[in-house]
Each structure stands twice: as C-alpha cells, then as structure tokens.
Amino acid sequence: MQIDKKTVRNLFFIAVGAIAFYWVLNETEQFSNLWSKLTGILSPFVLGAAIAFILNVPMRAIENQLEGIRKQSLKRGLSIILTLLCLVLLVMFVFELLIPQIRLTLASLTEKIPAFIDRTAQKLMVLVEENPDLGIWIQDAFHLESLNWSNILTNILTWLGNQVSVLMGSAVNVIGNVASGIVNAVIGIVFALYALGRKEILAGQIRRILYSVLSERRADEVIRISQLTNITFSNFISGQCLEAVILGCLFAVVMA
C-alpha cells in the first residue's frame with residue numbers, strides 16, 4: 001500500500017491535534033498560563049492588524065488620487081502620511097469640541113452638588129418629622145442613638161475617605177496596566193504602519209502559506225471569503241463615515 005504526501009500530512013496533523021487535545025485536558029492550568037502569555041504577546045499585533053484594516057480604507061482612496069506620482073514607494077508613503085494627518089486632525093477636532101463641554105459640565109456639577117446635598121438633607125428631615133416610625137427604623141437599622149445629620153454626614157465622608165485610600169492603594173496596578181496598554185498601542189501602530197506599507201508583500205506571503213497548508217480548493221475559498229469580507233467592511237466603513245459627515249453637517253446647521 002502506497003501512502004502519498006497528502007495522507008502523511010493529514011495523519012501528522014491528526015496526531016499533533018490529538019496530542020495537543022490530550023495535553024489541554026490533563027494540563028489545564030499550564031494551558032491557561034500559556035494561553036494568557038500568547039494572547040499578551042499577540043494582542044499588539046492583532047490590534048495593529050485591526051488598525052491597518054481600518055486605515056486602509058481612507059489610505060486607498062487617497063492613494064487613488066495620487067495617480068500622477070509614478071514612484072510607488074513615494075506614493076505609498078505620502079498616502080500613509082496624509083491618512084495619519086487626517087486622523088490626527090479628526091481626533092483634535094473631536095477633543096476640541098468635547099473637552100470644553102466636559103469642563104463646563106464638571107464645573108456645573110461642582111457648584112450644584114453642595115446645594116443638592118443641603119436640599120436632600122432638609123427633605124429627609126421633613127420626611128422623618130412627618131413619619132416618626134421611619135426615624136425609629138433608621139436608628140435601629142444603622143445603630144444610631146439619634147438622627148444627627150451632621151454626624152451622619154461626617155461618617156459618610158469618613159467612609160468615602162477610606163474608599164479613596166483603598167483606591168489609591170491599587171493605583172500602582174492601574175498605572176502598570178495603563179503603561180502596558182500604551183506599549184501595546186505603540187507596537188500595534190508600528191505594526192499597522194508596516195502592514196500598510198507592505199500590504200501587497202504580506203498578502204502574497206499569506207497566500208503562499210495558505211496554498212502550502214491547505215488544498216487548492218480550500219485555499220481559493222479562504223481567499224474568496226477574505227476578499228468578500230474586505231470589500232464588505234470597507235464599504236461599511238465608508239458608508240458610516242459618509243453618514244457621520246452628513247449628520248454632523250445637518251446638526252451643525254440646525255444648532256447654529
């Protein structure tokens with residue numbers, strides 16, 4: 001009986017899959033640790049791929065407008081720079097609109113919270129005076145000798161201070177997570193720029209890997225689905241951006 005290369009390859013993958021499945025079932029903790037490490041390593045590259053996929057839509061449109069430039073590397077570099085410039089300007093425009101409003105909202109809340117606390121305390125005092133049984137229940141429930149609202153407020157502020165100290169104790173972990181997120185974002189952006197600059201070469205390499213691992217029919221199907229996904233999501237992103245611009249202009253005209 002003669003065994004061809006395809007059968008040997010399938011048997012090899014089946015054996016490797018069975019061994020891996022057996023190891024996962026018997027070494028769950030090690031698999032969990034290994035999986036968390038792998039996801040931590042791959043997450044910046046997944047983020048970079050997502051960023052590249054989104055930025056590829058405006059970059060392709062800008063690149064089509066630079067048909068007068070003959071040199072492909074120069075045209076690709078200019079399209080990437082113009083895409084990043086448009087993104088930075090858009091982010092700055094959004095923050096320029098949001099930050100003053102957030103500042104005004106916080107200032108308004110800071111002014112109104114003390115008055116709100118005073119009104120609430122007065123309403124509670126009136127409610128307790130009109131319902132003596134409620135005052136007795138509050139004293140029994142919270143082990144209070146009397147309904148001294150100033151002492152109650154002091155206790156509440158003390159409790160809030162303790163909670164703030166607890167939060168400050170975990171600030172180191174928060175700073176570590178923020179620093180890790182910044183590093184992952186930087187790596188993702190660098191990988192996205194690399195993918196955008198060499199997308200044809202990367203696509204060719206992925207195509208060769210698919211045809212070397214899968215059969216020709218399955219590889220063709222994977223490529224067809226990938227192309228359809230790219231076209232669908234590109235049209236979706238373009239449509240959403242156009243809709244956002246139209247709605248933004250309409251709201252600006254109406255609110256003006």
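**Aromatic pairs and helix packing in a predicted model**

The structure holds two aromatic pairs, where rings of Phe, Tyr and Trp (its six-membered ring) pair if their centres lie within 6.5 Å, and planes under 30 degrees apart count as stacked, over 60 as edge-to-face and the rest as tilted. This is a predicted model, in which local features need pLDDT of at least 70 and side-chain atom pairs count only at pLDDT 80 or more, while totals for chains, interfaces and linings use all residues. Residues are numbered from 1 along each chain as its sequence is written, and side-chain values use heavy atoms, with hydrogens and water left out.

**Aromatic pairs**

- Phe45 and Phe191 make an edge-to-face pair, with 5.4 Å from centre to centre and 90 degrees between the planes.
- Because Phe45 belongs to helix H2 (residues 28-65) and Phe191 to helix H6 (residues 171-197), this pair ties together parts that are 146 residues apart in sequence; helices (H or I, at least four residues) and strands (E, at least two) are DSSP runs, numbered from the N terminus.
- Phe45 is partly exposed at 37% relative accessibility, and Phe191 is partly exposed at 27%, given that buried means under 20% relative accessible area, exposed over 50% and partly exposed in between (1.4 Å probe, protein chains only).
- The ring centres of Phe53 and Phe233 lie 6.1 Å apart with the planes at 70 degrees, so this pair is edge-to-face.
- This pair links distant parts of the chain, since Phe53 sits in helix H2 and Phe233 in helix H8 (residues 216-255), 180 residues apart.
- Phe53 has a relative accessible area of 30% and is partly exposed, and Phe233, at 43% relative accessibility, also counts as partly exposed.

**Fold and confidence**

- The protein chain contains eight helices and zero strands.
- Of its 256 residues, 11% count as buried.
- Among contacts between residues at least 6 apart in sequence, 54% join residues at least 24 apart, a contact being heavy atoms within 4.5 Å.
- The chain averages a pLDDT of 77, and 80% of the residues score at least 70, pLDDT being the predictor's confidence in each residue, from 0 to 100.
- Among the elements of the chain, helix H5 (residues 149-169) has the lowest mean pLDDT (62), whereas H8 has the highest (85).

**Helix H8**

- H8 has 40 residues and reaches 58 Å from its first C-alpha to its last, close to the 58 Å expected at 1.5 Å a residue, where the expected span is 1.5 Å times one less than the number of residues.
- Within H8, Ala219, Ile223, Ser234 and Ile237 are buried, and the buried residues of this helix pack against H2 and helix H7 (199-213).

**Largest pocket**

- The largest pocket has a volume of about 880 Å³; on a 1 Å grid over the protein atoms alone, a pocket is an open set of points where a 1.4 Å probe fits, with protein on both sides within 12 Å along at least five of seven lines, and the volume is the space filled by probe spheres set on the points, which are joined across faces, edges and corners.
- Of the 22 residues that line this pocket, the closest to its centre are Lys199, Leu202, Ala203, Ile206 and Asn230, lining residues being those with an atom within 4 Å of a point.
- H2, H6, H7 and H8 each supply at least two residues of that lining.

**Thr83**

- Thr83, which lies in helix H3 (residues 72-130), counts as buried at 5% relative accessibility.
- Leaving aside neighbours within four places in sequence, Thr83 is in contact with Leu55, Pro58, Met59 and Ile62.
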